[in-house]
Amino acid sequence: MTHKGRIVSAVALITLALGLTACNDGEDAASAQDSPSASDPASSDPGSKSPPADPSDDAAAPAGGDVAAPGTKFKIGDRAVLPFKYGTDKKGTVAVTVTAIEKGAEADMAAFGDKAKGMTPYYIRMKVENVGGTDLSYASLRLRGKLEGGGPTGVILIGDLPGKCDSETAPRDFTTKGASYETCSLSATKTGPIAVASFEEGDAYSDSPVLWTS
């Protein structure tokens, strides 16, 4: 399942709903603005403020390797074992392998309307594996793009670009050890290139994220 989305300016706190969603077909995207509180991506992502799984919990047992500590840095292609919680009832351990950070074309952002002019999209492609063997079906995991050196992009995107960067949820059978799927997180910038993928889910990781760099 994929998600179409909206764009948030981190400076101006202006949100533009993507005009291609089923509920807004035919509407001018510029007229579909949310309030700053409604546009907060953390409020729309139930896993973004969830605490990390307790390493002593059986559900979080790092069966596929040691859990990466907050602040750990990896290279593109490396596999990181991470505690993961989605919503209120899905908790376990996953392994994330960032396979690529690909630069898109400014024209790819046309679906987001005039607010996206001058923005260059980047596609963070990854493989997600169920390490703990708990039921994580239909869960969604997102990585954020950062500038070279780890600085923020100044832009927060919610959603994806169908056919170019599809944000997939875990399949129904993502309930056993070794189950895996591939997904993509969309990021964008108006300044320097995006060269870092950041895992920020859970209190410990939001303060000190796990990073993948080229």
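Phe74 and Trp212 are both buried, a term that stands for under 20% relative accessible area, with a 1.4 Å probe and protein chains only. The model is predicted, and local features need pLDDT of at least 70, side-chain atom pairs count only at pLDDT 80 or more, and totals for chains, interfaces and linings use all residues. Residues are numbered from 1 along each chain as its sequence is written, and side-chain values use heavy atoms, with hydrogens and water left out.

Four aromatic pairs are present in the structure. Rings of Phe, Tyr and Trp (its six-membered ring) pair if their centres lie within 6.5 Å; planes under 30 degrees apart count as stacked, over 60 as edge-to-face and the rest as tilted. The ring centres of Phe74 and Trp212 are 5.9 Å apart and the planes lie at 25°, so this pair is stacked. Because Phe74 belongs to strand β4 (residues 73-75) and Trp212 to strand β12 (residues 210-213), the pair ties together parts that are 138 residues apart in sequence. Strands here are DSSP runs of E with at least two residues, numbered from the N terminus. Phe199 and Tyr205 form an edge-to-face pair, with 5.4 Å from centre to centre and 75° between the planes. Phe199 and Tyr205 are both buried.

An open sheet is formed by four strands in the order β4-β12-β11-β8, with mixed pairing; two strands pair if DSSP finds at least two bridges between them. β4 and β8 (144-147) stand at the edges with a single partner strand each, so one side of each has no neighbour in the sheet. Strands β8 and β11 (residues 194-199) run antiparallel and are joined by four bridges. Gly145 has Ala197 as its bridge partner in β11.

Methods
Buried < 20%, exposed > 50% of the residue type's maximum accessible area, 1.4 Å probe, protein only.
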